[in-house]
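Student: I have a model open and want to know what backs up each thing said about it. Can we go through it step by step?

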Amino acid sequence: FWANPYWLQENPLRLSLLALSKLTIKKANALRVVSSGIKKKLLRAGFDLPIAVIPTPVNLENFKTPDSQAVLSIRNEFAGQKILLFVGRLTAEKNLPFLLKCFQNVVRHYPRTTLLIAGDGPEKSQLEKLVATRQLANNVKLLGQINYQGLLNYFHAADIFVLPSRHESFGKVILEAAAAGKPTVASATTGAKEIIIDGQTGWLAPVNNAKRLVEKIVLLLSDDNLARQMGANAYQHVWQKYDWDTSVKNVVAYWREIVGQK
């Protein structure tokens, strides 16, 4: 969360956490971070201790075997609709009021589009009010908390995954969408920039840039071949780079290396 104004704006008390993190790092023998963006921030801050970039292990194997009947049932529920999917906690950093604002513009281009929001959190009641005031009740469905197996099916049923966060250190939901063969349109947070190859596996838009986010969503909605190709590229990319066993082994090996140096 260093050099991240959005994170600080959400709660001024986080200034003390920022100071504490810097004091803590000074006492560390080594660091493991989940993205090269975080490593660059640490190097710019002048830390010269060993820093390894090892992504969060995500078990993608489950995504090979969705419940085909459940996926079909979801598609049938929204027959004739393109499905955008968001998965995550309903909290300030996920920027969901901004997403609803953007989606209102998407619907003007593509009325037969549904936004599914899976998750729960403190912003749920606010989002319900916004859906009503923006007259999106026919196009937005808040699914609430969905168990993991159920989420697999929604990822496979969706056409596009969206992640409009103001900050993400990694963003494992992007990996999960890719493992289901879906392209992602995301704000260009530290985590999203680590995972998404812009223009190949999905699209990145500047944080809080509604025009760009809408533009990229509409582009994928208007070109099924492009959406499928990006989804296929994303699938290939994450299976090559984010293998579960490799990530776990790399974490353990790094711990052992650091302990061995003491």
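Tutor: Start with a definition. Ala, Val, Leu, Ile, Met, Phe, Trp, Tyr, Cys and Pro count as nonpolar, Asp, Glu, Lys and Arg as charged, and the others as polar. Keep in mind that this is a predicted model.

Student: How do the residues lining the largest pocket divide under that definition?

Tutor: The lining has 11 nonpolar, five polar and three charged residues. Phe1, Trp2, Ile25, Ile38 and Leu42 lie nearest the centre of the pocket.

Student: Which elements give two or more residues to its lining?

Tutor: They are α2 (14-26), β1 (31-33) and α3 (36-44). The largest share, four residues, comes from α2.

Student: How do you know whether the chain agrees with a compact globule?

Tutor: Set the value against the rule. For 262 residues, a compact globule would have a radius of gyration near 18 Å. The chain has 19 Å, so it agrees.

Student: What share of the chain counts as buried?

Tutor: The cut-off is under 20% relative accessible area. Of the 262 residues, 49% count as buried.

Student: And how many helices and strands are there?

Tutor: The chain has 12 helices and eight strands.

Methods
Residues numbered from 1 in each chain as written. Predicted model: local features only at pLDDT ≥ 70, side-chain atom pairs only at ≥ 80, totals over all residues. Heavy atoms only, no water. 1 Å grid on protein atoms, 1.4 Å probe; cavity = no way out; pocket = protein on both sides within 12 Å on 5 of 7 lines; lining within 4 Å. Rg over C-alpha atoms; globule rule 2.2 N^0.38 Å. Buried < 20%, exposed > 50% of the residue type's maximum accessible area, 1.4 Å probe, protein only.
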